[in-house]
Structure formats: C-alpha cells, structure tokens
Amino acid sequence: MAMKAVAVFSIKGGVGKSAIAVNLAHAAATSGARRTLLWDLDAQGAATYLLELAPRAKKARAAVSGDASFEELIQTSRFANLDVLPADRSLRRLEGDLALADRQKVLKKHLKLLESRYDRIIIDCPPGLSELADRLFRAVDLVVAPLLPSPLSERALEQLLDELRKNHGGKPPVLPVWSMVDRRKRLHRDTLASHPDRLAIPYAAAIEAMAVKRMPIGASAPMSEASRAFAALWSAVEMQLLRQ
Ligand SMILES: Nc1ncnc2c1ncn2[C@@H]1O[C@H](COP(=O)(O)OP(=O)(O)OP(=O)(O)O)[C@@H](O)[C@H]1O
Ligand SMILES: [Mg+2]
C-alpha cells in the first residue's frame, strides 16, 4: 500500500484539530489496520499528551529541521499499529529553521524516509498559515480542515483554499469537517444545512474527557456517537486517499 500523509490543519486555533488527529490516527491503526504514525508538530504537544506519551528529549526541532536523527524520536503507543512522533517545546522555534533556503523540502524528505515503515501518517498541526504550513502543503496528500459551525469558519476555509490556489496550484485537496457540533443549537443546525455533504464531529463530553482519560474515543467509548463520527471521518479520508 502506498504511504499517504494527512495534515489536520486549520487557520484558527482551538477548533478540535488535536482531538481529530488523535482519533483519526487511532481509527486508521485499529479499524483500518494501517501501519500508522501520528506526527505531533505542535509545540504544545496536545496529541502527544492525549495518547499518554511524553517526549524523551527536547529534540523535535532539530530532528524536524534536519539537524538530528528523525526516526529515533518515534515511539510506540499502547495501541497496535500506532506509533507517535511526539512534540516538545523546541518546536516553537521551528519556523526560523524552515525559512532557510536549504530546508524547503525537509518535511517531504522525512515523509519519503517513512514510506516503507508506514501506510498512513496523520499530522497534528499548530494553527495558522506559517512557514510550517507552507512546507506541509507541499508534502501531504490531503488536508483535513476542522470548522466550527459558524459563518466565520467559512471565511477561514476560503482563506485556506485561496492560499492553496495561489501558492500551491490548488493542492493538496481539502476535506472540511464540522467540529464540536451541538445540534440543539439553531445556528449549528442552520450552518450544517448549508453544506449537508460535510461530515460532522459532535460536541461530546467524551471528547472533552480525553484530556483526563488520555485515550482515543475508539478505545474509551467505542459505541458512542463521537466514536462513530470519527469512524465515518476515517472512512471518508480513506476514500479520498484511495481515489488519488
Ligand atoms: N468534539 C468535541 N467535543 C467537545 N470538546 C472538544 C471537541 N473537540 C475538541 N474539544 C475540546 O476543545 C478544546 C480544543 O480542542 P483541540 O485541542 O483538539 O483543538 P485544536 O484545534 O487542536 O487547538 P490548538 O489550535 O490550540 O492546537 C480541548 O479542550 C478539547 O478537549
Ligand atoms: Mg492542537
């Protein structure tokens, strides 16, 4: 199976990227039986934390920017088929490294190195259109873009699509997904109705509780609506990847 990389990305912060990245990676590894790597590229390390892992050394920046061994940082998780490349705070200064002329393709090179080891690489990104985002758009096969159910999200999505059109020839494809949906709210229902084709992740106490249980929903609450929503998202991602 050809290795494919997916970035969970949004211009806006706090929209559920890390929750989606962790659960998507878990679904890929378990229901999908794909050899999966969750690559945490956000200095806050939320995805790393949610899987109950911790960085062993503050070397993520050096490894990602190409100054230290990259594969050495990969850790196994307690789930079959799921490895994690943890984030640490050194990543806060990754931007400057990536701006250097000889580092333009460094993420692409890392992914190439992982090709024989993994089927799917899910990347949890920090928010915002940064150098890192630019390098990622050149390297990944798909962007999953979580949107809060508000008309403002549509503008953020348009900005992302504009950026990809202007600077990346319209690639990679973007899969927008509603995040933190509360169907009791009129605004949420109306916003969702404007794009009935998009998948939605519900606002769920079980997802919030991930920060306490430090486990993917597929493991802690496999029969929940939230778990089914992540499974549906995983299928949609997989369908899109196999089509390419
Ligand atoms: N579907 C959901 N239902 C309930 N709470 C959620 C849901 N998704 C995320 N959360 C909670 O909302 C907060 C933000 O989520 P998360 O960290 O996944 O967002 P993010 O986009 O990764 O944020 P950042 O931009 O800071 O990286 C967290 O406290 C998380 O537990
Ligand atoms: Mg995050």
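**Figure 1. Pro172 in the loop between α7 and β7 of the predicted model.** Pro172 is found in the loop that joins α7 to β7. The peptide bond leading from Lys171 into Pro172 is cis, and its omega is near -5°. The model shown here and in the views below is predicted. Pro172 and Leu51 are 121 residues apart along the chain, and their C-alpha atoms are separated by 28 Å.

**Figure 2. Met180 in strand β7.** Strand β7 covers residues 174–181 and includes Met180. Met180 counts as buried because it has 20 C-beta neighbours inside 10 Å, and the cut-off for a buried residue is 20 or more. Apart from neighbours within four places in sequence, the contacts of Met180 are Gly16, Leu148 and Tyr203. Ile207 is 27 residues from Met180 along the chain, with 9.3 Å between the two C-alpha atoms.

Figure 3. With 24 C-beta neighbours inside 10 Å, Leu51 is classed as buried. When residues up to four places away in sequence are not counted, Leu51 touches Val22, Ser77, Val84 and Arg214.

Figure 4. Asn81 is buried, with 20 other C-beta atoms within 10 Å. Arg214 lies in the loop between α10 (210–213) and α11 (217–220). Buried or partly exposed, how does Arg214 count? Arg214 has 14 other C-beta atoms within 10 Å and is partly exposed. Arg214 is also one of the residues that Leu51 touches.

**Figure 5. Arg103 in the loop between α4 and α5.** The loop that holds Arg103 runs between α4 (94–99) and α5 (106–114). Arg103 has 19 C-beta neighbours inside 10 Å and so counts as partly exposed; a buried residue needs 20 or more. Leaving aside residues within four places in sequence, Arg103 is in contact with Ser65, Gly66, Asp97 and Leu98. Of these, Ser65 is 38 residues from Arg103 in sequence and 7.0 Å away in space, C-alpha to C-alpha.

**Figure 6. Helix α6 and the elements that cover its buried residues.** Helix α6 spans residues 131–139. Its buried residues are Leu132, Ala133, Arg135, Leu136, Phe137 and Ala139. The cover over these residues includes strands β1 (4–8) and β5 (120–124), along with helices α4, α5 and α7 (151–168).

**Figure 7. The contact of helices α1 and α12.** Helix α12 covers residues 225–243, and its axis comes within 9 Å of the axis of α1. The two axes cross at roughly 70°, and α1 and α12 are therefore roughly perpendicular to each other. On the α1 side the contact involves Asn23, Leu24, Ala27 and Ala28. These meet Phe230, Ala231, Leu233, Trp234 and Val237 in α12. Eight of the residues in this contact are nonpolar, one is polar and none is charged.

**Figure 8. The largest nonpolar core and the surroundings of Ile123.** The largest nonpolar core has 71 residues. Those with the most contacts inside it are Val8, Leu24, Leu38, Ile122, Ile123, Leu136 and Ile201. Helix α1 (residues 17–29) gives the most to this core, nine residues. Which residues are in contact with Ile123, leaving aside its neighbours within four places in sequence? They are Ala5, Val6, Ala7, Val8, Trp39, Leu41, Leu136 and Val140. Leu136 is also among the buried residues of α6.

**Figure 9. The whole protein, as context for the close-up views.** The protein has twelve helices and eight strands. Its radius of gyration is 17 Å, close to the 18 Å that the globule rule gives for 244 residues, so the protein is as compact as a globular protein of that length. The C-alpha trace spans about 50 × 40 × 35 Å along its principal axes. Buried residues make up 45% of the 244 residues. Among contacts with a separation of 6 or more, 75% are between residues 24 or more positions apart.

Definitions and conventions. Residues are numbered from 1 along each chain as its sequence is written. Chains are lettered from A and ligands numbered from 1 in the order in which they are written. This is a predicted model: local features need pLDDT of at least 70, side-chain atom pairs count only at pLDDT 80 or more; totals for chains, interfaces and linings use all residues. A nonpolar core is a set of buried Ala, Val, Leu, Ile, Met, Phe, Trp, Tyr and Cys residues joined through C-beta atoms within 7 Å. A residue is buried if 20 or more other C-beta atoms lie within 10 Å of its own, exposed if 12 or fewer, and partly exposed in between; C-beta atoms are placed from the backbone. Helices (H or I, at least four residues) and strands (E, at least two) are DSSP runs, numbered from the N terminus. Two residues are in contact if their C-beta atoms, placed from the backbone, lie within 7 Å. The radius of gyration is taken over C-alpha atoms; the globule rule is 2.2 Å times the number of residues to the power 0.38. Axes are lines fitted to C-alpha atoms, for helices over the stretch in contact, and angles run from 0 to 180 degrees between N-to-C directions. Angles under 35 degrees count as roughly parallel, over 145 as roughly antiparallel, 65 to 115 as roughly perpendicular and the rest as oblique. Ala, Val, Leu, Ile, Met, Phe, Trp, Tyr, Cys and Pro count as nonpolar, Asp, Glu, Lys and Arg as charged, and the others, Gly among them, as polar.
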